[in-house]
Amino acid sequence: MSCTGDSDTVARTKRKVAYIYSPEYIETCDSLSKVPKRASMVHSLIEAYELLDDMSVVKPRMATIQEMAQFHTDAYLEHLHKISQDGDNDDPQSGDYGLGYDCPIVEGIFEYAAAVGGATLTAAQCLLERRCDVAINWAGGWHHAKKDEASGFCYVNDAVLGILKLREKYDRVLYVDVDLHHGDGVEDAFSFTSKVMTVSLHKFSPGFFPGTGDVCDTGLGKGRWHSVNVPMEDGIKDDKYYQVFLSVMQEVRALFNPEAVVMQLGADTMAGDPMCSFNMTPVGVARCMQHVLQWRLPTLLLGGGGYHLANTARCWTFLTGSVLERTLSSEIPDHEVDTHTHTHTHTHTHTHTHTHTHTHTHTHTHTHTHTHTHTHTQETHHYYTLFRCTYTINNRSRANPHTVNNQTNAFASALIYTHCTLL
């Protein structure tokens, strides 16, 4: 099976692709408690398929506090640095900065934020210097963080930092977000400007985090009509999602005429994700990505959500192959993951999920581990094949899917029509 999507969207010439990676960066990202070891799983599968041979591997740098302050406030960054040094959970000011339940305080969290922010800045710099056509940072894409607070597992909004870096050269930058959750932090950052357009396709329902992203939210001041929100409901599959995506993005490109693109490709839309909402497969997401890549603009690809770790590794490996126009075997290659802790994770038979009642309604997955001398990735065999995905529509999404998706398409069409007439 080819992972290049529709034949009419395949680029005629080979893309130059930069892949942001270093062992130190992966180890730092593995420490994030909400997605433990995910970065290693993603990289090891990409490496196993020998995709690194077709990319320029670029070592990321740490972002300086001054670079992060291009978006985040000094007060927030100073507090994050202070509590990061000793993992202080008792500082009474932490709650004011969104630090606590969804964004736990752990030692070294400032260094993690600086690593992720620096990696996305490194990717953006590669595009600015024309060293590549597409730059990839799968460990980035933390789109919820606000200028003065952490939010939704996000301590730094690397997507915003990447957009700001690209704006040093490109007048109009388009941000496209296909994560399950609304890209609220990025939208908020640019809601008053006409130089950045944000487009977010996401789940929107009462009580679902972050609770923003209504179709009527279209930007403010000079940025009015430059925020495009496409609410979706549970159960949507590849074909209908792509139909909505295509209709929206064709109008967006014609109206905004972007010079560069940042695309967040959160994998929590995948069937089988603990979020239990959308029923997408990597093939469907790749079609959306390929539609954007065919524009032949400098493009920065970021990760994001994805809480079934094996499915997320599969998805982003598939997308990497799609960028490279590589056909990947459906059989997972034998490979090892260096997790630095010598634990063997069984993600198929020993996974239990539970939902915390909180304003941020993420479902957290915990895995039981067994100690082994080496960490052979038998967990990758739980992917079954790279492409197979079982649809698992949950009980609350059994409404007529055509009604749901036609309604969503009508929302998108109405928004684009309003956008067109009022620009």
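Predicted model: local features only at pLDDT ≥ 70, side-chain atom pairs only at ≥ 80, totals over all residues.

Student: At what distance from the ring centre does Lys34 lie over Tyr101?
Tutor: Lys34 lies over the face of the Tyr101 ring. The distance from Lys34 to the ring centre is 5.5 Å.

Student: Is the pair of Tyr112 and Tyr155 stacked or edge-to-face?
Tutor: A search of the whole structure finds six aromatic pairs. For Tyr112 and Tyr155, the ring centres are 6.3 Å apart and the planes are at 85°. Planes over 60 degrees apart count as edge-to-face. The pair of Tyr112 and Tyr155 is therefore edge-to-face.

Student: How many residues apart in sequence are the parts that the pair of Tyr112 and Tyr155 ties together?
Tutor: Tyr112 lies in helix 5 (residues 109–128), whereas Tyr155 lies in the loop between strand 3 (134–137) and helix 6 (158–166). Tyr112 is buried, with a relative accessible area of 4%, and Tyr155 is buried with 3%. The separation in sequence of the parts tied together is 43 residues.

Student: Are helix 4 and helix 5 roughly parallel or oblique to each other?
Tutor: Helix 4 (residues 74–86) packs with helix 5 at an angle of about 130°, and the axes are 7 Å apart. Angles over 145 degrees would count as roughly antiparallel, and 65 to 115 as roughly perpendicular. Helix 4 and helix 5 are therefore oblique.

Student: Which residues of helix 5 make the contact with helix 4, and how many residues of the contact are charged?
Tutor: On the helix 4 side, the contact is made by Leu77, Leu80, His81, Ile83 and Ser84. Helix 5 contributes Ile109, Phe110, Glu111 and Ala113. By class, the contact has six nonpolar residues and two polar ones, and the number of charged residues is one.

Student: Which residues does Tyr19 touch, not counting those up to four places away in sequence?
Tutor: Tyr19 is found in strand 1 (residues 17–20). With a relative accessible area of 4%, Tyr19 is buried. Its C-alpha atom is separated by 9.6 Å from that of Pro60, which is 41 residues away along the chain. The residues that Tyr19 touches are His43, Ile46, Leu52, Met55, Ser56, Val57, Val58, Ile136 and Trp138.

Student: Is Thr317 buried or exposed, and with which residues is it in contact beyond four places in sequence?
Tutor: Thr317 has its place in helix 10. At 0% relative accessibility, Thr317 counts as buried. Leaving aside its neighbours within four places in sequence, the contacts of Thr317 are Val42, Leu45, Ile46, Tyr49, Leu51 and Leu328.

Student: What is the phi of Glu50, and is this residue buried or exposed?
Tutor: Glu50 follows helix 2 and lies in the loop between helix 2 and strand 2 (56–58). Most residues other than glycine have a negative phi. Glu50 instead has a positive phi, near 60°. At 51% relative accessibility, Glu50 counts as exposed.

Student: What is the relative accessibility of Glu325?
Tutor: Glu325 has a positive phi of about 60° although it is not a glycine. Glu325 lies in the loop between helix 10 and strand 9 (343–345). Glu325 counts as partly exposed, at a relative accessibility of 27%.

Student: Is the peptide bond from Phe209 to Pro210 cis or trans?
Tutor: Pro210 is found in the loop between strand 5 (196–203) and strand 6 (227–232). Most peptide bonds are trans. The bond from Phe209 to Pro210 has omega near 0° and is cis.

Student: What percentage of the residues of the protein count as buried?
Tutor: The protein has 11 helices and 12 strands. Of its 423 residues, the buried share is 58%.

Notes:
Residues numbered from 1 in each chain as written. Heavy atoms only, no water. Phe/Tyr/Trp six-rings, centres within 6.5 Å; stacked < 30°, edge-to-face > 60°. Helix = DSSP H or I, 4+ residues; strand = E, 2+ residues; numbered from the N terminus. Buried < 20%, exposed > 50% of the residue type's maximum accessible area, 1.4 Å probe, protein only. Lys NZ or Arg CZ within 6 Å of the ring centre and 35° of its normal. Axes fitted to C-alpha atoms, helices over the stretch in contact; angles between N-to-C directions. Parallel < 35°, antiparallel > 145°, perpendicular 65-115°, else oblique. Contact = heavy atoms within 4.5 Å. Nonpolar A, V, L, I, M, F, W, Y, C, P; charged D, E, K, R; others polar.
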